[in-house]
Amino acid sequence: MTKPGFGWLVLYLAALSPVRLPAQQAADHVALGITAEEAHDLKTALQHYDAALSQDSTNYEANWRGAITLLTLGEQLGDTGKNPERDSLYQQAERYAGRAAASNPAGADGHFALAASIGRTSLTMGKKARIRRAAVIRSEALRAIALNPQHDGAYHILGRWNAEIMRISGLGRFFAKSFLGAGIFNQASWGKAIYNMEKAVQLDPGRIYHHLELAEIYAERKRPADAKTQLHLVDSLPEREVMDSAYKREAVAMRRRLDKR
């Protein structure tokens, strides 16, 4: 009778050991992150983008997509009041977006993500810091449009940038120009706010956020009929993005305010 070999022992130990999947490449993680994003599973998406970045911290797509994912996660926590968790997400998004723009200066999405990240992070800062960063937001959005004239997100940022500047009181704007050297504020106007936001709507009429922001600008410019038209479009459009249900609730509240005027 032959003596048994050690093959059975190898098979036995293998059965006890956990199964290890082949290591995925950074590109695979990015693809899985996009799939998770489309399923509105942002935490899983971020895990894949972070996994890609652990292999290559300069990965352009993982950086800019990770930045946008972080911004959305932060936005879900609300933009009012103190919230260290939200602020940390925005700051991390700015770092990711900065890496994206640095690793691929010719990529429009990286500059868009950087403009969006700086804008969101600025909301958590004092007036002086927000004013100092305003020029960078505008510059990055313009760079994105120069690289991709069809970038609706960059037009949205420019529209909102102009509106935010015009909302500053006359005294506040004087302070910015006189003490902080913010002459760039002279470039802002309500006309540019409307033009850029209308351009964003034109380029992607299915994006609810564009219509909501345009409605708000119309309302401020005493154009309630135009604002209500945009709000009705918000109601009629299917929810496509994670925040769309929240945007729809904002639209309902805005329409009620307009009806009371």
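What share of the contacts in the protein chain with a separation of 6 or more is accounted for by residues 24 or more positions apart? The share is 59%. Contact here means heavy atoms within 4.5 Å.

This is a predicted model, in which local features need pLDDT of at least 70, side-chain atom pairs count only at pLDDT 80 or more, and totals for chains, interfaces and linings use all residues. Residues are numbered from 1 along each chain as its sequence is written, and side-chain values use heavy atoms, with hydrogens and water left out.

Start with the helices. The protein chain has 13 of them and zero strands. Helices are DSSP runs of H or I with at least four residues, strands are runs of E with at least two, and both are numbered from the N terminus.

Next comes the surface. The chain has 261 residues, and 44% of them count as buried. Buried means under 20% relative accessible area, exposed means over 50%, and partly exposed lies in between (1.4 Å probe, protein chains only).

Now the pockets. Rolling a probe the size of a water molecule over the atoms shows where empty space is left. A pocket is an open set of points on a 1 Å grid over the protein atoms alone, where a 1.4 Å probe fits, with protein on both sides within 12 Å along at least five of seven lines; lining residues have an atom within 4 Å of a point. The largest pocket has a volume of about 1500 Å³, the space filled by probe spheres set on the points, which are joined across faces, edges and corners. Its lining has 47 residues. Phe 112, Ala 116, Arg 120, Ile 157 and Tyr 209 lie nearest the centre. Helix α8 gives the most to this lining, with eight residues.

The second largest pocket has a volume of about 360 Å³. Of its 17 lining residues, Asp 79, Arg 120, Leu 123, Arg 160 and Glu 213 are the closest to its centre. Helices α8, α11 and α13 (244–260) each give two or more residues to this lining. The largest share, four residues, comes from α11.

Finally, look at one residue. Glu 37 is found in helix α2. Its relative accessible area is 22%, so Glu 37 is partly exposed. Beyond its neighbours within four places in sequence, Glu 37 is in contact with Leu 42, Ala 45, Tyr 49, Arg 65 and Thr 69. Glu 37 and Val 242 are 205 residues apart in sequence, yet 8.9 Å apart in space, C-alpha to C-alpha.
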